[in-house]
Amino acid sequence: MLLLLLACANELPVDDGCLDDDRDGHCNLVDNCPGDANPEQDDFNDDGVGDGCDTLRLSLDELTSTAIWFEYEAEEATVFYFALLDSDGEARVALDACELCYPFKRGYRHEGDEMVCNNCGQRFEVDTLGDYEGECNPGIVAFEVTETEVLIEPETLEASTDWFE
């Protein structure tokens, strides 16, 4: 009976009594991300979890003391960010934009132990990325580090789309 219910739930219109907490037109039973509206049910990595609920994962094995740039396809804009290891081997992640220079969309470059704003030339020590907020400091990205990965919640990057539109 449960199998039949699950098979039919995907075909049931939401108004036929199923719960749709995120109001995206898909019943919670079959919604691949029931807490985040995603009417297209996008799932870029085919893991069964919708893109809006996927945690972004960067392998610590791939990070070095040289910055690597990444893109996140948000609904409103593509968000650019970078990650690297500081002089103590700790992961650092930041937006490729700052509060003052984001309208110019020029980002940062990596020179030695510093990130340099491509618009105004301001320099920031890699070891301080994420410690200071505002002005020309690279935008802060909240992240968590496990034994093997850096984890970034998509909503952290979604909140920064206005700097990349």
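## Strand pairing and the sheet

In this predicted model, strand 2 and strand 3 (residues 78-85) run antiparallel and are joined by six bridges. Within this pairing, Tyr 72 has Val 79 of strand 3 as its bridge partner.

The two strands belong to an open sheet of four strands, which has the order 2-3-4-8 and antiparallel pairing. Strand 2 (68-73) and strand 8 stand at the edges of this sheet, and each has a single partner strand, so one side of each is left without a neighbour in the sheet. On average, and with direction ignored, neighbouring strands of the sheet are turned by 45° against each other.

## Aromatic pairs

How many aromatic pairs does a search of the whole structure find? The search returns six aromatic pairs. In one of them, the ring centres of Trp 69 and Phe 82 are 5.7 Å apart and the ring planes stand at 50°, so the pair is tilted, given that planes under 30 degrees apart would count as stacked and those over 60 as edge-to-face. Trp 69 lies in strand 2 and Phe 82 in strand 3, so this contact ties together parts that are 13 residues apart in sequence. The two residues are described by separate accessibility values: Trp 69 counts as partly exposed at 36% relative accessibility, whereas Phe 82 is buried, with a relative accessible area of 0%.

A further pair is formed by Phe 80 and Phe 164, whose ring centres are 6.0 Å apart and whose planes stand at 55°, so that this pair is tilted. Phe 80 lies in strand 3 and Phe 164 in the segment after helix 2 (154-158), and the pair thus links distant parts of the chain, 84 residues apart. Phe 80 is partly exposed, with a relative accessible area of 32%, while Phe 164 is buried, with a value of 11%. Returning to Trp 69 and Phe 82, these residues form one aromatic cluster with Tyr 108 and Phe 124.

## Salt bridges

Six salt bridges are found in a search of the whole structure. One of these is formed by Arg 92 and Asp 131, with the closest N and O atoms 3.4 Å apart. Arg 92 lies in strand 4 (residues 91-98), and Asp 131 in the loop between strand 7 (123-125) and strand 8 (138-140), so the pair ties together parts that are 39 residues apart in sequence. Arg 92 counts as buried at 15% relative accessibility, whereas Asp 131 counts as partly exposed at 48%.

Other salt bridges involve Glu 111. The side chain of Glu 111 meets that of Arg 109 in a salt bridge, at 2.7 Å from N to O, and Glu 111 also forms a salt bridge with Arg 123, where the closest N and O atoms are 2.9 Å apart. Through salt bridges that share partners, Arg 109, Glu 111, Glu 114 and Arg 123 are joined into one network.

## Cysteines

Which cysteines form the disulfide? The structure holds one disulfide, formed by Cys 18 and Cys 27, whose sulfur atoms are 1.9 Å apart. The torsion about their S-S bond is about -75°, so the disulfide is left-handed. Both Cys 18 and Cys 27 are buried.

Cys 117 counts as buried, at 3% relative accessibility. Cys 136 is likewise in no disulfide, and the nearest cysteine sulfur, again that of Cys 120, is 3.3 Å away. Cys 136 is buried, with a relative accessible area of 5%.

Definitions and conventions
Residues are numbered from 1 along each chain as its sequence is written. This is a predicted model: local features need pLDDT of at least 70, side-chain atom pairs count only at pLDDT 80 or more; totals for chains, interfaces and linings use all residues. Side-chain values use heavy atoms; hydrogens and water are left out. A salt bridge is a side-chain nitrogen of Lys or Arg within 4 Å of a carboxyl oxygen of Asp or Glu. Buried means under 20% relative accessible area, exposed over 50%, partly exposed in between (1.4 Å probe, protein chains only). A disulfide is a pair of cysteine sulfur atoms within 2.5 Å. Two strands pair if DSSP finds at least two bridges between them. Axes are lines fitted to C-alpha atoms, for helices over the stretch in contact, and angles run from 0 to 180 degrees between N-to-C directions. Rings of Phe, Tyr and Trp (its six-membered ring) pair if their centres lie within 6.5 Å; planes under 30 degrees apart count as stacked, over 60 as edge-to-face and the rest as tilted.
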